[in-house]
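Q: Let us go through this model term by term. How does each label follow from its value?

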Amino acid sequence: MSSSKLLSPLLSLKSVSKSYGSVRCLDAVSFSVYAGERLALVGGNGSGKTSLVDVLSGFTVPDRGIVYMNGLRANRHHPAWFAARGMIRTFQSPRAFEQMTVLDCLCLAAWVPTSPSTFSSLIQPPNYRKKEECVRKHALAALTAVDWGERAAVPAGELSYGQRRFLSILQLSLAEGTVALCDEPTAGLDSNKASEALNLLKGWQTADQARAIIVATHDLEFVSSYFDRILRIEDGIVNEI
Amino acid sequence: MNYLWHVSFLFAVFTILAVSLDLLIGHLGLLVLCHSAFFALGAYLSASFMLSAHLPFPVSCLFAILATGVISLPVAFAARRLRGDAVVLGSFALLLVTVDLLKNLRNLTGGLDGLRGIPPVHFGPVQLVSYQSQAVFAILIAAISWLLVQRLTFSAQARFLHALRDDPYAAVGLRVYSTTIYFRTFALASGMAALAGVLYASYASYINPSVFGSDQAIALTAMVLLGGAARPWGPVLGALIVISIPEIVRAIGGGPSYVGAVNYVVMGLVLFLFAIYRPKGILGGYEFK
């Protein structure tokens, strides 16, 4: 047993089930995720991956079973409750802040979770200006590193499907958090960008060994080289590979 | 000359209203029609504090702004629960209820007769009674309000507001989960509308419910949408256009009833054409989906 597993899990599911009408998406799913873990959920279309990610992040309430985060029962909590405890996630269908520029999206990610107060925003004291300058430099450096420098001023709503997906990974890579949940992080990306996305996720996780990362994907090849634990999900039933 | 100062005063007051409404429409993404209710609250509260409690102008003004900001919080909560068209309908219903209360709470508001003899803006012995002094004071307040809003909307905090506006689910996914920023901004916008009401009440010295009705709500919304929501000069330009329409009609030679009728026809037509051909407004601001 690794040393991280001696600690209490960051996330835990106990016999979680979820159905939509007669379709059972999750069937008595139980597993735990510990600090420092890199976990992949692999399954085909309609296997229940997104339902599982939604249950893990509070976007869906399970019919039965218990969800724990940081040892606290979290079944009926709003996604904001999970976010306040360090949960950060991307979505299967990439969501973007459409009327914000790419640079602003990244600056926002670098600021979270604490927003400056209205007072500091109005007065803009030296510590606020210093942090804002640092955030902008960090965001610009992240854009330059992936050859997106010329897209800094482009509204996120003007990006293509794949570019929005990549932007959501870029945002995640700059944000503070303890658990990252990525739903199909490489769907719609070419092999180069998929590889860059994986590197960004690696970078986020290795920046702090207490962080855990969970990826839901259909692409076993993508996860086999990096993830240290792989769960296969099929018809809502989860098995360790 | 007094006429020009009078129009300048109106332009300043409506700039404060449009800039504050733009915080709600352009930066929070809430198409609310109850902003003139906050305008009314500011005017009535400040007038009541000065007439009944004999409080000096600065204290009345401060209390009216703070009270309106606090009263706006349940409205902010309701607007957050509602989505899309429901916000428009809900806020319009709230405006109708407010105007009805102003008409019927006669002991407090004077009913349809309104409140008369509201003292002018005064700081100790110094009273602003001339058209010029009141207009200059209002322009100064409007300029400060505009600068404060620009400071806020070009800050890091604005990114949090815009994220909540553009996609609340993606925002919470990125750990933008705090709602205090939303409530603070809503209260700030309402407080600014109250400030405009305070200035208006002291300028006109007489207020009644008809000033704050649905006509005013449509005019304020038109100012923001015509100029361009979430653009620095959008609401200012919108206020200038909407204020100018009746004045131009008047200059052409219409009487008061003629001005009123033509004003609404022209404004309706302008809004209609803009909705079709320029949905982002003249300066190209935030677009409702």
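A: Start with burial: a residue counts as buried when its relative accessible area is under 20%. This is a predicted model.

Q: Why is A:Glu184 called buried?
A: Its relative accessible area is 5%. The cut-off for buried is under 20%. A:Glu184 is therefore buried.

Q: Where does A:Glu184 lie, and what is its phi?
A: A:Glu184 sits in the loop between strand S7 (179–183) and helix H7 (191–206) of chain A. Its phi is positive, about 50 degrees, although A:Glu184 is not a glycine.

Q: Why does B:Ser205 count as partly exposed?
A: Its relative accessibility is 30%. Partly exposed covers the range between the 20% limit for buried and the 50% limit for exposed. The value falls in that range, so B:Ser205 is partly exposed. B:Ser205 lies in the loop between H9 and strand S4 (206–207) of chain B. It has a positive phi of about 65 degrees, again without being a glycine.

Q: Is B:Leu102 buried or exposed, and what does it touch?
A: At 10% relative accessibility, B:Leu102 counts as buried. B:Leu102 is part of helix H4 (residues 85–104) of chain B. Its contacts, not counting residues up to four places away in sequence, are B:Ala40, B:Tyr44, B:Thr109, B:Gly111 and B:Pro209.

Q: Why is B:Gly29 called partly exposed?
A: B:Gly29 has 23% relative accessibility. Buried would need a value under 20%, and exposed one over 50%. B:Gly29 therefore counts as partly exposed. It is found in the loop between helix H1 (2–27) and helix H2 (35–51) of chain B. The C-alpha atoms of B:Gly29 and B:His162 are 8.2 Å apart, although the two are 133 residues apart along the chain.

Q: Why is helix H1 (residues 49–56) of chain A described as largely enclosed by the rest of the structure?
A: Because 7 of its 8 residues are buried. They are A:Lys49, A:Ser51, A:Leu52, A:Val53, A:Asp54, A:Val55 and A:Leu56. After H1(A) comes A:Gly58, with a positive phi near 85 degrees.

Q: What makes helix H3 (residues 102–111) of chain A and helix H5 (residues 126–145) of chain A an oblique pair?
A: They pack at an angle of about 120 degrees, with their axes 9 Å apart. That angle makes H3(A) oblique to H5(A). Roughly perpendicular stops at 115 degrees, and roughly antiparallel needs over 145. The crossing of the two helices is right-handed. On the H3(A) side, the contact residues include A:Leu103, A:Cys107 and A:Trp111. On the H5(A) side, they include A:Tyr128, A:Val135 and A:Leu143. By class, this contact has 11 nonpolar, no polar and 3 charged residues.

Q: Why are H3(A) and helix H6 (residues 161–174) of chain A called roughly parallel?
A: Their packing angle is about 30 degrees. Angles under 35 degrees count as roughly parallel. H3(A) and H6(A) are therefore roughly parallel to each other. Their axes lie 7 Å apart, and the crossing is right-handed. H3(A) contributes A:Val102, A:Cys105, A:Leu106, A:Ala109 and A:Ala110. H6(A) contributes A:Leu167, A:Leu170, A:Gln171 and A:Leu174. The classes are 8 nonpolar, 1 polar and no charged residues.

Q: Which peptide bond is cis, with omega near 5 degrees?
A: The bond from A:Val112 to A:Pro113. A:Pro113 lies in the loop between H3 and helix H4 (118–123) of chain A.

Q: How many residues of chain B are in contact with chain A, and what area is buried between the two chains?
A: 28 residues of chain B contact 41 residues of chain A. The buried area is about 2900 Å², with 62% from carbon and sulfur atoms. In chain B, B:Arg159, B:Leu174 and B:Arg175 lose the most area to chain A, together 29% of what that side buries.

Note on methods:
Residues are numbered from 1 along each chain as its sequence is written. Chains are lettered from A and ligands numbered from 1 in the order in which they are written. This is a predicted model: local features need pLDDT of at least 70, side-chain atom pairs count only at pLDDT 80 or more; totals for chains, interfaces and linings use all residues. Side-chain values use heavy atoms; hydrogens and water are left out. Axes are lines fitted to C-alpha atoms, for helices over the stretch in contact, and angles run from 0 to 180 degrees between N-to-C directions. Helices (H or I, at least four residues) and strands (E, at least two) are DSSP runs, numbered from the N terminus. Angles under 35 degrees count as roughly parallel, over 145 as roughly antiparallel, 65 to 115 as roughly perpendicular and the rest as oblique. A crossing is left-handed if the near helix is turned anticlockwise from the far one by less than a right angle, and right-handed if clockwise. Contact means heavy atoms within 4.5 Å. Ala, Val, Leu, Ile, Met, Phe, Trp, Tyr, Cys and Pro count as nonpolar, Asp, Glu, Lys and Arg as charged, and the others, Gly among them, as polar. Buried area is the accessible area (1.4 Å probe) that two parts lose on being put together, summed over both. Buried means under 20% relative accessible area, exposed over 50%, partly exposed in between (1.4 Å probe, protein chains only).
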